[in-house]
Amino acid sequence: MAHSCSSSSSSTSSFFSIKPKTPSPKPYFPKPHFIKASTNPSPPPPPPPQQQPKPISVSKPRRPLDENIRDEARRNNPTYSHLFSAKYVPFSPDPSHQTSDESYSLDEIVYRSRSGGLLDVEHDIAALKTYDGKYWRDLFDSRVGKTTWPYGSGVWSKKEWVLPEIDDADIVSAFEGNSNLFWAERYGKQFLGMNDLWVKHCGISHTGSFKDLGMTVLVSQVNRLRKMNRPVVGVGCASTGDTSAALSAYCASAGIPSIVFLPANRISIAQLVQPIANGAFVLSLDTDFDGCMHLIREVTSELPIYLANSLNSLRLEGQKTAAIEILQQFDWQVPDWVIVPGGNLGNIYAFYKGFHMCKELGLVDRIPRLVCAQAANANPLYLHYKSGWKDFKAVKANATFASAIQIGDPVSIDRAVYALKNSNGIVEEATEEELMDAMAEADSTGMFICPHTGVALTALIKLRKSGVIGKTDRTVVVSTAHGLKFTQSKIDYHSKEIKDMACRFANPPVHVKADFASVMDVLQRYLLSKSPNH
């Protein structure tokens, strides 16, 4: 689809990209569902001032056989005028009182501010406001489901809001995002009395978790830095599983060495095998995630290894697109609640940031209330919330089936508190039995979720029972990883092999003799239990 947003003096067209324009009239943007993409280097002329855009139909011949989609994008967008920009600034819980003029280019290798605090990626909102909310809605909608590089990705379809100055040739993408928003009809009705419950399956992604959304951004920027001859030999992370899977896959795609610090014997085999299969250099350390995180921060300060943990705010730029995607999937209607599992706590802030940008730039008129759900065995944010946001205290995280959020000293605690305070948010927790029962109940209605989603569903169950969430409230539960990564926990539950857990919804196989009479007897009793009237 060819969208020309530039003045007629522009010499080349750009697939789905933005070019500078004069302040008025409003940008020319054809309705996306009427247009086909074009390889014609000359864009159609903009209409006279005040004239409404009309649909155009331009045929798009197939690209030359010796050309790939990246080459095609380069040919159709040989020059890119950067109307938009972003930079690192110190994260402030109260931006209105931020007095420091400290900032850094995204091309600098920096993870903390001069005072040692977190950094945030700040976009030039004034430049983005050159275009109104309808323009951005139409632009983002026009890119969904396309193969035009790199906009077929759910992340890079929002490129102007993510990493606006990167060249398309430097982007490393598996066309991640665009994940399913599933109407949990039976689960909502049967277990919660709700008719508008949805599950955002971020685990339906390239490596099976939402971490792909952030890693495509970070590895793309590293790819750019390496081409600029910056001192980056490899990329490293501490991980409870999903981060290492995403990092190793995207680095492998770009031919960049990846180094992974994992806590020994604390992640699933499915999670461990992913970085190994993708060629990462894996160190299994006799410590927990917090210990791994401490070590990787020390190592990256001494060696030319780029830090990929969520201390690095670039990843949050990709993760925030899941929030924008939820609005997009609801035809830009805002849900009442969004529930997100929380461990290191970058994701809850990323969701807030995505929703807030949409409100600030006029795509929607409000943001949903956010809920952060923690495992009771690793619940520092929950305890902080229950204390009335008094002095935060890290905890020693105990073992939990929700292993990816087994974090007692989260890096993004300040970001999470800011997001929750500014969204009238809530924090809930789930015990091991509660999260496993919730996972089993959800699976029994056709889902196949991870334990972390069980934590989020437990939060929903509690808020529903207390009346905080109403039966008609449109509610989205964010499922952060694919259930196939956690099959052992499901096997243990349905085998009733978990110590001190009743496993109330276990569904073990029935062992039957291999003869007709025995099979008929078992089946008749089963069918009678399901339909007594027959």
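Visitor: In which hand does H12 pass H14?
Guide: This is a predicted model, where local features need pLDDT of at least 70, side-chain atom pairs count only at pLDDT 80 or more, and totals for chains, interfaces and linings use all residues. Residues are numbered from 1 along each chain as its sequence is written, and side-chain values use heavy atoms, leaving out hydrogens and water. A crossing is left-handed if the near helix is turned anticlockwise from the far one by less than a right angle, and right-handed if clockwise. For H12 passing H14, the crossing is left-handed.

Visitor: How are H12 and H14 oriented to each other?
Guide: Helices here are DSSP runs (H or I, at least four residues), numbered from the N terminus. The axes, lines fitted to C-alpha atoms over the stretch in contact, come within 8 Å and cross at roughly 40° for H12 (residues 346-360) and H14 (residues 413-421). Angles under 35 degrees count as roughly parallel, over 145 as roughly antiparallel, 65 to 115 as roughly perpendicular and the rest as oblique. So H12 and H14 are oblique.

Visitor: Which residues of H14 does H12 meet?
Guide: Contact means heavy atoms within 4.5 Å. From H12, Ile348, Tyr349 and Tyr352 take part, and they meet Arg415, Ala416, Tyr418, Ala419 and Leu420 in H14.

Visitor: How many residues of H11 are buried?
Guide: Buried means under 20% relative accessible area (1.4 Å probe, protein chains only). In H11 (residues 321-329), the buried ones include Glu325 and Gln328. The helix is mostly covered, and its buried count out of nine is eight.

Definitions and conventions: Axes are lines fitted to C-alpha atoms, for helices over the stretch in contact, and angles run from 0 to 180 degrees between N-to-C directions. Helices (H or I, at least four residues) and strands (E, at least two) are DSSP runs, numbered from the N terminus. Buried means under 20% relative accessible area, exposed over 50%, partly exposed in between (1.4 Å probe, protein chains only).
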